[in-house]
Amino acid sequence: MTLKDIAREAGVSVSTVSRVLNDRETKAASKAVRERIWTIIRDNDYVPNRNAQYLRREIPADVSHGPKQYYACVYARSADNKDMFFSELANAIEYEAYRHDYILKYSFYAEEIDRDGFTEAVRSNEIKGIAVLGRFSEERLKAITDAQKNVVYVGLNYRNGKHDTVFCDGYQAGLMAMDTLFDYGHSQIVYFGELSRENRYESYLSALEKRESRLGHKYVVDAKQTLEGGYRAVQTLMERKIPFTAIFCANDATAMGAIKALKENHYRVPEDVSVISIDDVEMARYFTPMLTTVHIPIAELGKQTAKTLIDRIERGHTLPVKLELPVSLSKRDSCAPCRQRVQRSRPASEKGIQEKSRDAGTGQTSPVPNSGCGTGPSGDGGTDHQSAQRP
């Protein structure tokens, strides 16, 4: 297959294909076009003539020009979950691996690890290594490393072991998110996300403990970290009828689903409720409101994962490598300073009653109850006094 063949099948020009090959995030093509081109490349095992490329660019051919090699990806999420974070991460891994003549051969999902076909496939001479995306139980991670010696784990939950690890510290990312909400004056903060082996949940608990918060367990909603999971979490929160001023979501997808549900329940973000999350996927910048989120350098995470895996395959190192990349805060539009407001079991307009009080300083009106603002300990807003506990 040639560039011309790819261009014809994708319905674009040869120059567009070339730009996509040389820069995964090029602005010369839309995301949909870029993905269409890479699907064609993957399906046809296309490998470019590197020598010709280096001659055109006058760059020394200092990488291998040998036969193509294959690797596999194993996803912690199920096959029907269109996870934005792991999709971007897998693309970044694939692009960097491709530059070194490594082609993605198989993609496996959590439920497939226990099947006989998985072990047979990854133990074949065809698969040189595995990139493990996301957290697994110790048992399943051991099953992967038993089946293939060249393994690199990548994600936000650090995993110790004999395998290589490329990660961002999800615990520190969570603390950064919580500190941001506290800095804005919020104290009645809800957590949406998974609980088991999830260090972002651990960071939520630690941040509350540090401030001696008395928030009850009703402020924790065990939710799948998906769009639907965030949406359903708000429905659960509405049923609990507790006052809250901010929501910390374990990832961007959960936050987006939550914001949609909040809007349907007549809450404005960030005027009524602040929402913060972790990941900073591409959609976070185009969502309304644009998400305030802890930035994970997804492209660099993928690049370093591919490099580490390839170096392991080619025996550049034999001891386990642990590589941590830094996180940072992307301040956008979904968070704002805390104001006095009330949790409503249903919109005040539906009740026919709107409880207001006159602000003596400004003459403006604001909801009456427990404000939930300030950085000191807060009450549990009418819930029982059982505090949120570590699992």
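A crossing is left-handed if the near helix is turned anticlockwise from the far one by less than a right angle, and right-handed if clockwise. The model is predicted: local features need pLDDT of at least 70, side-chain atom pairs count only at pLDDT 80 or more, and totals for chains, interfaces and linings use all residues. Residues are numbered from 1 along each chain as its sequence is written, and side-chain values use heavy atoms, with hydrogens and water left out.

**View 1. Helix H1 crosses helix H3 in a right-handed sense.** Helices (H or I, at least four residues) and strands (E, at least two) are DSSP runs, numbered from the N terminus. Axes are lines fitted to C-alpha atoms, for helices over the stretch in contact, and angles run from 0 to 180 degrees between N-to-C directions. The axes of H1 (residues 3–10) and H3 (residues 31–43) cross at roughly 130 degrees and come within 10 Å. H1 and H3 are therefore oblique to each other (under 35 degrees is roughly parallel, over 145 roughly antiparallel, 65 to 115 roughly perpendicular, the rest oblique). Ile 6, Glu 9 and Ala 10 of H1 meet Arg 36, Ile 37, Ile 40 and Ile 41 of H3 (contact: heavy atoms within 4.5 Å). Five of these residues are nonpolar, none polar and two charged. Ala, Val, Leu, Ile, Met, Phe, Trp, Tyr, Cys and Pro count as nonpolar, Asp, Glu, Lys and Arg as charged, and the others, Gly among them, as polar.

**View 2. Helices H10 and H11 pack at about 40 degrees.** The axes of H10 (residues 227–240) and H11 (residues 252–264) lie 6 Å apart. H10 and H11 are therefore oblique to each other. Their crossing is right-handed. H10 contributes Leu 227, Gly 230, Tyr 231 and Val 234 to the contact; residues from H11 include Ala 253, Met 256, Lys 260 and Glu 264. The contact holds eight nonpolar, three polar and two charged residues.

**View 3. Gly 134 sits in the loop between strand S3 (127–133) and helix H7 (138–147).** Gly 134 counts as buried, at 2% relative accessibility (buried: under 20% relative accessible area; exposed: over 50%; partly exposed: in between; 1.4 Å probe, protein chains only). Ala 76 is 58 residues away along the chain, yet its C-alpha atom is 5.1 Å from that of Gly 134. Not counting residues up to four places away in sequence, Gly 134 touches Ala 76, Phe 86, Tyr 153 and Val 154.
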